[in-house]
Amino acid sequence: MNKLYIKHSVVPKIRRFTPWVYANEIDSSPEEFQSGEVVALFSKKDGFLGTAYVNPKCAIFARILSFGKEEIGKKFFHNRIKRAIAKREALLAQTNAVRLIHSEADFLPGLIVDKYGDTLAIQINTAGMEVFRDLIISTLKQMVNPSWIVEKSDLHSREIEGLESKNGTLFGTPSKQFELNENGLSFLVDIEDAQKTGFYLDQRKNRAICASYVKEGDTILDVCCNAGGFGIYALSKKAKNAVFVDISELAIEQTKANLHVNGMENYEVYSADAFSFMKEKKYKNSFDMIILDPPSFAKTKEQAQGAKRGFKHLLMESTKAVKDGGIIGFFSCSHHVGRKELLDIAMEVSHDLKVQYILLEQMQQDSDHPCLINASASFYLNGLLLRVEK
């Protein structure tokens, strides 16, 4: 195994189990290494530090697979995947769709696997995981016995890693539609054509939290609704009416299908840009609850400032549209705009509109999308549930 030396100043970070080594932190020549190569991580002063795979094309030069001396092969993947599945057993008793493997947080960086019944949707997003593609798929087939494995790898991530895009069936017979069961509700998922790996499973717990504040007769606005999860949960709590908005025609069609399968009535559905929609409608004191769950405005640190302006605009318009004493669920799915940034934005809007917010809940992704304390990027989904006092 080739040795990758890192600077002595970086060693304390690695000793705290931080799983990434950046290109400016290495003390070796990058030209010595191949994309996806597994290496032993060393410091010239401190000795062995772990086992990682590398990619000289990326700012994140090395992703650590183990902080011990392990052979990265069949036994390694079997044990890691087995452990990840075991962590989800309790959740699998409550729903038929979970995330089985969540990248760094399951100590398999670059690999994501979602389970929809007996279907697996996977993402292989790094050169290091690409090297072990066949081994990963054979291990999943052996341990999960799926009827279908479909690849939904992130095109942007693979491009950064210098990999060709890959999507489509890897094994088995495709299924056009899957009926996801969650807290007594049903959602139809077109796994192959939907965004990401199929459905936003990470918001499962937050959908239930927000719905717990809905009272019979409430009016709801679900902005950037995707498949309509938050609004449908609200209607199941006997909300009087729900308005759904999303710029994606596919998302709107999925929302309509999900409303139908749950037998929901009294709703409006709009295919529209959220910013234009809120500006055009000029809602004022109209809703008891508004959900703001936009896509990631900030995929990079450089985009964070512009993203915060977008979040502020949506929160301002929603604050005008919600009733006095109403509730806003305010989410960001980018770790570049985290909980602190959401609170800062709320403080600014509070000042600008002369309203006060009471923080009812602080929310994050559900337990099958675990947060690794040593990897800040794993804290990617954050939400505030705010009561508006006008």
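User: How many nonpolar, polar and charged residues are in the lining of the second largest cavity?

Analyst: This is a predicted model, so local features need pLDDT of at least 70, side-chain atom pairs count only at pLDDT 80 or more, and totals for chains, interfaces and linings use all residues. Residues are numbered from 1 along each chain as its sequence is written, and side-chain values use heavy atoms, without hydrogens and water. Ala, Val, Leu, Ile, Met, Phe, Trp, Tyr, Cys and Pro count as nonpolar, Asp, Glu, Lys and Arg as charged, and the others, Gly among them, as polar. For this lining, that gives 6 nonpolar, 4 polar and 3 charged residues.

User: How many cavities of 30 Å³ or more does a search of the whole structure find?

Analyst: Rolling a probe the size of a water molecule over the atoms shows where empty space is left. On a 1 Å grid over the protein atoms alone, a cavity is a set of points where a 1.4 Å probe fits but cannot get out; a pocket is an open set with protein on both sides within 12 Å along at least five of seven lines; lining residues have an atom within 4 Å of a point. Points are joined across faces, edges and corners, and volume is the space filled by probe spheres set on them. With the cut-off at 30 Å³, the number of cavities is 2.

User: Which lining residues are closest to the centre of the second largest cavity?

Analyst: This cavity holds about 90 Å³ of space. Its lining has 13 residues, and the closest to the centre are Y200, R207, C225, N226 and D293.

User: Which element gives the most to the lining of the second largest pocket?

Analyst: This pocket has a volume of about 260 Å³. Of its 17 lining residues, L65, F67, R80, D106 and F107 are the closest to the centre. Two elements give two or more residues, β5 (60-66) and α2 (74-87). With 5 residues, the top contributor is α2.

User: Within what arc do the buried residues of α5 fall?

Analyst: Helices (H or I, at least four residues) and strands (E, at least two) are DSSP runs, numbered from the N terminus. Buried means under 20% relative accessible area, exposed over 50%, partly exposed in between (1.4 Å probe, protein chains only). In α5, the buried residues are R133, I136, I137, T139, L140 and V144. They line one face of the helix, because the directions from the helix axis to their C-beta atoms fall within an arc of 165°.

User: Which cysteine sulfur is nearest to that of C210?

Analyst: A disulfide is a covalent bond between the sulfur atoms of two cysteines. Here it is counted as a pair of cysteine sulfur atoms within 2.5 Å, and the search of the whole structure finds 0. C210 is in no disulfide; at 14 Å away, the nearest cysteine sulfur is that of C224.

User: Is C210 buried or exposed?

Analyst: C210 has a relative accessible area of 2%. That makes C210 buried.

User: How far apart in space are T300 and S334?

Analyst: T300 is found in the loop between β16 (287-292) and α11 (304-321). T300 is partly exposed, at 28% relative accessible area. T300 and S334 are 34 residues apart in sequence, while their C-alpha to C-alpha distance is 8.7 Å.
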